[in-house]
Amino acid sequence: MAAELATATYLVSEPFDLAVKSLRKVLADANLKLAGELDMSSRIRKRLLIGIAPCRVIFVTAAQAAFEELGADPRAAALTPLHIVVSARGPQTEIH
C-alpha cells in the first residue's frame with residue numbers, strides 16, 4: 001500500500017505579504033473564518049535572536065453556515081481548526 005501525503009504544498013508566484021492577503025480573501029470567500037494566526041518567524045526572532053524568512057501558521061475553521069450549506073455534521077467541527085503554514089521562499093511563497 002503506497003503512502004499518501006497528508007499535506008498539500010502550493011508554490012505561489014507572489015511575495016509573502018501579498019500571498020497572505022490573497023489567502024485570507026480566498027478563505028473568507030469560501031465561507032471559512034480565521035480562528036487565529038501565529039507569526040512563527042517573529043517568535044523565533046524574539047526568543048532565539050535568529051533571523052529567518054517570514055512564516056505564519058493560520059488557523060482556519062468553517063463558519064456555521066458552511067456546515068449547513070454542505071449538510072455536514074456539525075460534530076465535524078471537532079476536527080478544526082485546520083492549520084495552514086505560509087512561508088516565504090525568495091520572491092515566491094509556499095503554502096502547506
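Reader: In S4, which residue is the bridge partner of Ile58?

Author: In this predicted model, strand S3 covers residues 55-62 and pairs with S4 in the antiparallel sense. Six bridges join S3 and S4. The partner of Ile58 in S4 is Ile84.

Reader: Over how many bridges do S4 and S5 pair?

Author: Strand S5 covers residues 92-95, and its pairing with S4 is antiparallel. Ser87 has its bridge partner, Glu94, in S5. The number of bridges between S4 and S5 is four.

Reader: Which residue in the turn of the S4 and S5 hairpin has a positive phi?

Author: S4 and S5 form a hairpin with two residues between them. A phi of about 65 degrees is found in that turn. The residue is Gly90.

Reader: Which element gives the most to the lining of the largest pocket?

Author: The lining consists of Ala8, Tyr10, Leu23, Val26, Leu82, His83, Ile84, Ile95 and His96. Two elements, H1 and strand S4 (82-89), each give two or more residues to this lining. With three residues, the element that gives the most is S4.

Reader: How many residues of that lining are charged, and how much space lies in the largest pocket?

Author: Seven residues of the lining are nonpolar and two are polar, leaving no charged residues. The space in the largest pocket is about 210 Å³.

Reader: Is Ala28 buried, partly exposed or exposed?

Author: Ala28 lies in helix H1, which covers residues 16-29. Its relative accessibility is 49%. Because buried means under 20% and exposed means over 50%, Ala28 counts as partly exposed.

Reader: What distance separates the C-alpha atoms of Ala28 and Ala62?

Author: Ala28 belongs to H1, and Ala62 stands 34 residues from Ala28 along the chain. Their C-alpha atoms are separated by 9.7 Å.

Reader: What pattern does the protein follow along the sequence?

Author: The protein has three helices and five strands. Read along the sequence, these elements follow the pattern β-α-β-α-β-α-β-β.

Reader: What share of the contacts with a separation of 6 or more comes from residues 24 or more positions apart?

Author: The protein has 96 residues, and 26% of them are buried. Among contacts with a separation of 6 or more, the share from residues 24 or more positions apart is 59%.

Reader: What percentage of the accessible surface belongs to carbon and sulfur atoms?

Author: The accessible surface of the protein comes to about 6,900 Å². The part that belongs to carbon and sulfur atoms is 60%.

Notes
Residues numbered from 1 in each chain as written. Predicted model: local features only at pLDDT ≥ 70, side-chain atom pairs only at ≥ 80, totals over all residues. Heavy atoms only, no water. Buried < 20%, exposed > 50% of the residue type's maximum accessible area, 1.4 Å probe, protein only. Contact = heavy atoms within 4.5 Å. Areas by Shrake-Rupley, 256 points an atom, 1.4 Å probe, with all protein chains shown as cover. 1 Å grid on protein atoms, 1.4 Å probe; cavity = no way out; pocket = protein on both sides within 12 Å on 5 of 7 lines; lining within 4 Å. Points joined across faces, edges and corners; volume = space filled by probe spheres on them. Nonpolar A, V, L, I, M, F, W, Y, C, P; charged D, E, K, R; others polar. Pairing = 2+ DSSP bridges.
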